[in-house]
Protein chains: 2
Amino acid sequence: MVFDITVLGSSGGPLEGGTCAYLIKPTNISFEQILADKLDDAVLAVDFGSGLSRMCEIISSERYGDEDRVTMSALRNYNETLTIAGFTASGVSHTAKLGLQRVKGSPIQIAAQLQSLVKACLLTHPHIDHLSALVVNSASFGSASGKKIYGLEPTCQALEQYIFNDRIWPDLTSEDNGTFLSINRLQHTVPMQVNDIYKITPFTVKHGCVSPSEVYHSTSFLLENTSINRFLLVFGDFEADSGTSDANSLIWNHVASYIVQGQLKTVIIECSTANVPATQPLYGHMTPKTLFGELIRLNEIIMKHGHSKGIRGLHILITHVKDQPKLLDPRKVVLRQLLQLNEHHGLGAKFTVLLPGQTYSVQ
Amino acid sequence: MVFDITVLGSSGGPLEGGTCAYLIKPTNISFEQILADKLDDAVLAVDFGSGLSRMCEIISSERYGDEDRVTMSALRNYNETLTIAGFTASGVSHTAKLGLQRVKGSPIQIAAQLQSLVKACLLTHPHIDHLSALVVNSASFGSASGKKIYGLEPTCQALEQYIFNDRIWPDLTSEDNGTFLSINRLQHTVPMQVNDIYKITPFTVKHGCVSPSEVYHSTSFLLENTSINRFLLVFGDFEADSGTSDANSLIWNHVASYIVQGQLKTVIIECSTANVPATQPLYGHMTPKTLFGELIRLNEIIMKHGHSKGIRGLHILITHVKDQPKLLDPRKVVLRQLLQLNEHHGLGAKFTVLLPGQTYSVQ
């Protein structure tokens, strides 16, 4: 395995406190080693709808021997759901353990140490379900923490104008207040080496509208572990290409060769709701049907590269399923529809629904 | 008992997902009855740092027989803390049960039904730890939900300008988008009957600064159950009066006669940190020492009313203690210091530290 993805949250709302947030590290570096050696470039954070509190809960659950507590809290909101294994494709391993039993201190001390070593935080877009924990947690970062928030221009601008503005939250980005965190602008398609391990390339994607005439932008991040030239592609909320829009096609064309060469084997991607009638608006999100529209296109592009396997074996990790007041877990419905489409189109992709509190090891 | 206070969250951060939020209802109306009879004026929400997700967790914990789960999650972040009973004064009863075992449906269905019946939501101030769950939950309110958010002008303005602005969150307050919620302006000291049961009177309080020349405002709400003429006083984040500032004195003078007449027996009030050296800034918050400065003043005002008992027996429910990366639970330290000051000054007030997941019954 190459990448470990700790899912602090994967809900698309409306449940607070467990919305999207991932910690990503190389599989061959353990959390224990990260803490012991104070490795501050091993863990990348992508989105920040959950944070310190979820880390505390995962750590204390391991200590008290009920490791799957966070995950089960999310599953038992429904009367009918699947097991953790039932949501996970073969070829992906998962555990609720961070392996921190031997680390001394209280759960909140250990979580705060770990969070202090996550220096690079990528934000896909400024909707509150993707940044609320960053803001609430930021009070604990401390002066000159070296915490760097990375985003495209609209994300950075919204953070400055609407969040860290002394009204919604103290401006902890200012030197006067001690620079608890800094906001760093990325540019569409321009790679940036954020530390010794990771290079990131952001791509602008579409996610609904601000107004009838203005698109709302989100981001897809291509992460590269440069020490081993392996990639992970992580989408924020986004919608399918339509009409003349080719935001996603640009990404598929960019990554096709990495897939062909076996350097990119896993994609984290949103699928907010089960399929809906074509007349119903999607508010800038994906369904199994629209997601397959994209995957079929990616498959064709790879075929054109002369790689007849297409996306067979590619791991698609589903996130941002919206919780709903139903008996039946919508994650189960989304997974079933994805597997049906996969069968129907014969693509052979492998689908896993990401659950909070689990750390997934992927290639 | 007169008021039931369900604490969805009481942390002062930096842990996300469990920050301040209370559901307040008359003790003689059960949650089961509220759901059965669709009583939409029985429950008031004050602040919204936690919401639907915490309700789900409390409901599912009751169903699965580990009722204190939410509370224990908060306590076991520390190696040394107190029991739930140890944080609670005599004369206050507490339970983690909402009494909803017989209600049919999944936990998320029951929580959503209950939340849909909470029509009046009071916000003390627009810091993100007091409103993040409102925003994330709002997607589930539905069109024309009748959900009314009440706040003083600065709170309402910040919500409109910085949150429901189509950048941080879709503007779900607009008619075009279906008015998932409405924002309603209150005026300092002007009572408003928000439904058949409750009258609320907001008082502006000070909570640090926006800039050296501009005060940041928060709110204290005096709630009255008008059917029985009983009061509950709930403070948002605030600081002690100092110099010529008499924001808090105004409140103490207003409520003194209610305390004397036995109509107000409980105050929810913040105490963010243990005592700190006088040179250290408090960022608009209270410590045991500054809180006692206020309580001594209230005691004197009541004495002047010819009521020699002062605040003896008054229940002070402490909230918004800030979590810290320590072995020892800061709530335990705050409570110890409050009890020492209470002893020293001989006031005879009764202190309880509010814990998440518990419903407290008070007079």
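Predicted model: local features only at pLDDT ≥ 70, side-chain atom pairs only at ≥ 80, totals over all residues.
Let me start with chain A as a whole, whose secondary structure comes to nine helices and 15 strands. If you follow the C-alpha trace along its principal axes, chain A spans about 55 × 45 × 45 Å.

How much of chain A counts as buried? The share is 63% of its 363 residues, and here a residue is called buried when its relative accessible area is under 20%. The accessible surface of chain A comes to about 12900 Å², and carbon and sulfur atoms hold 50% of that surface. As for contacts within chain A, if we take those between residues at least 6 apart in sequence, 71% of them join residues that are at least 24 apart.

Now to the sheet. As a reminder for those who are new to this, the strands of a sheet pair through backbone hydrogen bonds, and they may do so in a parallel or an antiparallel way. In chain A, eight strands form an open sheet with mixed pairing, and reading across it the order is S4-S15-S1-S2-S3-S5-S6-S7. At the edges sit strand S4, residues 93–95, and strand S7, residues 182–186, each of which pairs on one side only. On average, and ignoring direction, neighbouring strands of this sheet are turned by 25 degrees against each other.

Within that sheet, strand S1, residues 3–9, runs antiparallel to strand S2, residues 21–26, and six bridges join the two in chain A; one position to look for is A:Phe3, which stands opposite A:Pro26 in S2(A). Helix H6 of chain A, residues 153–163, lies across strands S6 and S7, and it runs at about 155 degrees to S7(A).

Finally, we turn to chain B, where strand S8, residues 192–193, pairs with strand S9, residues 198–211, in the antiparallel sense over two bridges. These two strands form a hairpin with four residues between them, and B:Met192 has B:Ile200 in S9(B) as its bridge partner. S9(B) is also joined to strand S10, residues 214–225 of chain B, by 11 bridges, again running antiparallel. That hairpin passes from S9(B) to S10(B) through two residues, and B:Val205 finds its bridge partner in B:Ser218 of S10(B).

How values were computed. Residues numbered from 1 in each chain as written. Chains lettered and ligands numbered in written order. Heavy atoms only, no water. Pairing = 2+ DSSP bridges. Axes fitted to C-alpha atoms, helices over the stretch in contact; angles between N-to-C directions. Contact = heavy atoms within 4.5 Å. Buried < 20%, exposed > 50% of the residue type's maximum accessible area, 1.4 Å probe, protein only. Areas by Shrake-Rupley, 256 points an atom, 1.4 Å probe, with all protein chains shown as cover.
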